[in-house]
Amino acid sequence: MSSKRSGKLFVISASSGTGKTTLANELKKENRNLVQSISYTTRTPRPNEENGKDYFFVSKKEFFEMKQKHGFLEYANVFGKYYGTPRKEVENHIKHGRDVLLLIDVQGAKQVKKSKPDAVFIFLAPPSREELLRRLNKRGTETKKEIQARYKIATKEMRELNDLSLCDYRIVNRFIPVATEVLRGILRAERL
Ligand code: 5GP
């Protein structure tokens with residue numbers, strides 16, 4: 001393929017606990033031309049997380065300074081913390097022909113839809129509410145109260161995305177290998 005090809009933007013929207021990180025890691029392993037955008041967040045890092053790799057962990061002041069300078073392609077308040085996609089990095093990757101993966105929440109996806117309507121919008125849904133709750137509990141990184149908040153938001157997002165007006169594809173993540181294969185197929189088809 002010619003080096004003049006622009007990259008494509010893939011927005012994967014999923015609630016907490018749907019397995020999006022696992023899926024994205026699988027795809028990145030096999031696609032050297034696919035990069036994941038690293039978001040900025042005001043939440044504190046989890047024990048296994050690295051600054052600049054999982055997120056850029058910043059203060060609220062730094063986040064709002066960046067927002068003021070139109071530094072975010074989209075941003076949202078999720079569970080009381082701010083998360084934003086850096087505009088410059090994404091546009092730079094696309095300009096250089098790299099495909100970009102955004103793993104963001106539904107509020108963020110709605111904003112990207114407005115500014116980048118050509119992006120491919122994929123919604124990853126958990127198989128059921130019960131399974132979602134089980135996965136959130138199993139992760140063990142949040143308190144009971146945080147799990148309840150995430151569960152509540154996730155079920156609201158699932159309802160919102162039922163009408164499919166936002167997303168081009170909807171994948172139910174029942175089994176990781178199957179969902180990965182579906183996602184792989186979507187990426188391949190959309191790149192043609
Ligand atoms: P977590 O704190 O578990 O890493 O992420 C919480 C939620 O924030 C997840 O639903 C995740 O997709 C979302 N999120 C992560 N980065 C961004 C971002 O840059 N923008 C938006 N809108 N949501 C994000």
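**Buried charges and a covered strand**

Salt bridges that share partners join R150 with R43, R46, E49 and E142 into one network. A salt bridge here is a side-chain nitrogen of Lys or Arg within 4 Å of a carboxyl oxygen of Asp or Glu. The model is predicted, with local features needing pLDDT of at least 70 and side-chain atom pairs pLDDT 80 or more, while totals for chains, interfaces and linings use all residues. Residues are numbered from 1 along each chain as its sequence is written, and side-chain values use heavy atoms, without hydrogens and water.

By this rule, 13 salt bridges are counted. R46 pairs with E142 at 3.0 Å between the closest N and O atoms. R46 lies in the loop between β3 (40–41) and β4 (56–57), and E142 in the loop between α5 (129–139) and α6 (144–160), 96 residues apart. Helices (H or I, at least four residues) and strands (E, at least two) are DSSP runs, numbered from the N terminus. E142 also meets R150 in a salt bridge, at 3.8 Å from N to O; E142 counts as buried at 12% relative accessibility.

Strand β7 (residues 99–104) has 6 of its 6 residues buried, so β7 is largely enclosed by the rest of the structure. D99, L101 and L103 cover one side, and V100, L102 and I104 the other.

Key:
Buried < 20%, exposed > 50% of the residue type's maximum accessible area, 1.4 Å probe, protein only.
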